[in-house]
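Please look over the structure below. The report then covers its sheet, its disulfides and its salt bridges.

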Amino acid sequence: DTSMVKIVRMFLALFATLWYTTSQLNSSAPFYIDSNSKSSIIEKMGDTNYYQTPEPKIKYSSADADCLAKNIYFEAGVESTAGKLAVANVTINRKLNVNYPNTICGVVQEGIHYYDAELKDHVPVRNRCQFSWYCDGRTDIPNEGKTWESSRALAITVLESHYDEELIDITDGAIFYHANWMKKYPSWSKQKIIMASIDRHIFYGNKRKLY
């Protein structure tokens, strides 16, 4: 009768669904055709995480890249790649040091600020910051061109290498530096140890001299 036909059809449909979902033809594992028998389908034993999405790496913000690029550009834009990298190393070393801000922009923009009502923003006090270009009263907008492009590219490379734990520190951990053309070196330099001298800068570590 009609009810029996419906039951049989439902049974067949359920059986077909179960067969399809459990069949090797519908397996989520990758497979290949055996070279010895083209008609044989052999399941490939592979990584059980084959279809899992890799965990994203630690990302740096566009602000981080911009701040580091500007620090490289204004502090060592006309120097060699080594000179640029050394400035980037110091910036990173300060970020990792508990005595300094824990962000790239925090390190680069560290200094005394005041609120400018006209600009409706906090601006640095003249000559009262860690990196002179940031509080010298001049524009902080880089000139478009090769120097800025190379500074930007290096900043991104440094950040990626830093988060991948592959960044080489050519300053051996320096967190201070000054220009080597200064007639009189800063008084603080007498209490530090020289870690490197690269291009136009001398780099120092945060250690007292033993002599």
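What follows is a short report on a predicted model.

## The sheet

Three strands make an open sheet, ordered β5-β7-β6, with antiparallel pairing. The edge positions go to β5 (176–179) and β6 (193–198). Each has a single partner strand, so one side of each lacks a neighbour in the sheet. From one strand to the next, the twist averages 25 degrees.

β5 and β7 (residues 201–205) run antiparallel and are joined by four bridges. Y177 has F203 in β7 as its bridge partner. Helix α3 (residues 81–96) lies across β5, β6 and β7. Its direction is about 145 degrees to β5.

## The disulfides

The model has two disulfides. With the bonded cysteines numbered in sequence order, the pairing reads 1-2, 3-4.

C67 sits in helix α2 (residues 62–76) and C105 in helix α4 (residues 104–108), so the pair ties together parts 38 residues apart in sequence. Both C67 and C105 are buried.

The other disulfide is C129 to C135, with the sulfur atoms 2.0 Å apart. Here the S-S torsion is about -80 degrees, so the disulfide of C129 and C135 is left-handed. C129 and C135 are both buried.

## The salt bridges around D66

The structure has three salt bridges. D66 takes part in a salt bridge with K70, where the closest N and O atoms are 3.7 Å apart. D66 and K70 are four residues apart in helix α2, so about one helical turn separates them.

D66 also forms a salt bridge with R152, at 4.0 Å from N to O. This pair links distant parts of the chain: D66 is in helix α2 and R152 in helix α5 (residues 146–163), 86 residues apart. D66 is partly exposed, at 27% relative accessibility. R152 is partly exposed too, with a relative accessible area of 28%. Through shared partners, salt bridges join D66, K70 and R152 into one network.

## The R200–E79 salt bridge

The side chains of R200 and E79 form a salt bridge, 3.6 Å from N to O. R200 is in the loop between β6 and β7, E79 in the loop between α2 and α3. The two are 121 residues apart, so-called distant parts of the chain.

Note on methods: Residues are numbered from 1 along each chain as its sequence is written. This is a predicted model: local features need pLDDT of at least 70, side-chain atom pairs count only at pLDDT 80 or more; totals for chains, interfaces and linings use all residues. Side-chain values use heavy atoms; hydrogens and water are left out. Two strands pair if DSSP finds at least two bridges between them. Axes are lines fitted to C-alpha atoms, for helices over the stretch in contact, and angles run from 0 to 180 degrees between N-to-C directions. Contact means heavy atoms within 4.5 Å. A disulfide is a pair of cysteine sulfur atoms within 2.5 Å. Buried means under 20% relative accessible area, exposed over 50%, partly exposed in between (1.4 Å probe, protein chains only).
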